[in-house]
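Good morning, and thank you for joining. Please turn to the structure on the screen.

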Amino acid sequence: MMNEAKTIDVTALGELLIDFTQNGTSSQGNPLFEANPGGAPCNVLAMLTKLGHKTSFIGKVGNDMFGRMLKDRSESVGIDMTGLALDNSVHTTLAFVQKLSNGDRDFSFYRKPGADIMLTAEEVRAHKDLIEKAKIFHLGTLSMTDDVVERATKEALTIAKESGCIISFDPNYRAPLWESEEKAKEKMLFGLSMCDVLKISDNEITFLTGKEDLDAGMRQLIEQYEIPVAFATLGPDGSRMYYKGEMVEVAGFRNPATIETTGAGDTFCACALHFVLQYGLDGFNTERMRELLTFANAAASVITTRRGALAVMPSKEEVESFLASRS
């Protein structure tokens, strides 16, 4: 079980931004975009709050209309945003998400610079109590794309390690944000070397290992970096959990109501951390692994029926209702 002295379940650090997702076309045939609150770390926290957990965030947005909207929306879903800095000189990061004909997504980012990459190590230290009090510290790689925010991320990791946090990592690879594939791999592998819980997607496994055999690639990463608990997401095909040499796979839920997949991986990740908070790193068995994957797959399926993620995460009851309808 988790340390009772820790008063925050999960603290996350990273990008908080606006996801502009296409929502129809105008009478003139132009695409209409809806401004959805987004950013993987806060998406994860939003789902965790829906599952009853206490969460906090460390990051930076612009002191502009979008930054203030992100702060308000994040607070409204229950995330502690005292660790959020507002930058008066750099605007909030924006992402435009285009759904492709094959169901994949294409991202266009407005982030050179964006406020999230201006987070400093000093700003992290000013809120180090949010990390020290956390049971789990969660991060991705997008807070390591640029030097200033990378130093902030490594400062946070140092505090988390010294405080006995479980380290959760989701690479969340977004090719347009990296100057090269080599740098992206370097930072992703650094994250793997630091984490206790890994959530990684099928395409990221192949990207890092060169292996089309996902099971072989996943086992290579787990053994090389000695990761206690690991999850591989397979898109609509479901997910796998790796724990003490055992692998459990559960098929995904094909949902005819799906409109877009933004936030599905983050929703899955939050559900996985929900179970880690419940059982710790040493409390799983085959039955619990299957229960975790089934619940997380269902929650991810539900979020694909909604635009955006952060502000519209499903409740535990909604996920359970969805599962009941599929049983």
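Let me begin with a criterion: a charge sits over a ring if NZ of Lys or CZ of Arg is within 6 Å of the ring centre and within 35 degrees of the ring normal. The model before you is predicted, and in it Lys 154 lies over the face of Phe 190, at 4.8 Å from the ring centre. A further case is Lys 185, placed over the face of Phe 207 at 5.0 Å from the ring centre.

I now turn to contacts between rings. A pair of aromatic rings is described by the distance of the centres and the angle of the planes. Rings count as paired if their centres lie within 6.5 Å, and by this rule there are 12 aromatic pairs. Consider Phe 20 and Phe 96: their ring centres are 4.6 Å apart and their planes meet at 10°, so this pair is stacked. Phe 20 belongs to strand β2, residues 17–25, and Phe 96 to strand β6, residues 94–99, so the pair ties together parts that are 76 residues apart in sequence.

An edge-to-face arrangement is found for Tyr 279 and Phe 284, with 5.6 Å centre to centre and 65° between the planes. Both Tyr 279 and Phe 284 are buried.

Finally, which residues do ring pairs link into a cluster? They are Phe 20, Phe 33, Phe 66, Phe 96 and Tyr 110.

How values were computed:
Residues numbered from 1 in each chain as written. Predicted model: local features only at pLDDT ≥ 70, side-chain atom pairs only at ≥ 80, totals over all residues. Heavy atoms only, no water. Phe/Tyr/Trp six-rings, centres within 6.5 Å; stacked < 30°, edge-to-face > 60°. Helix = DSSP H or I, 4+ residues; strand = E, 2+ residues; numbered from the N terminus. Buried < 20%, exposed > 50% of the residue type's maximum accessible area, 1.4 Å probe, protein only.
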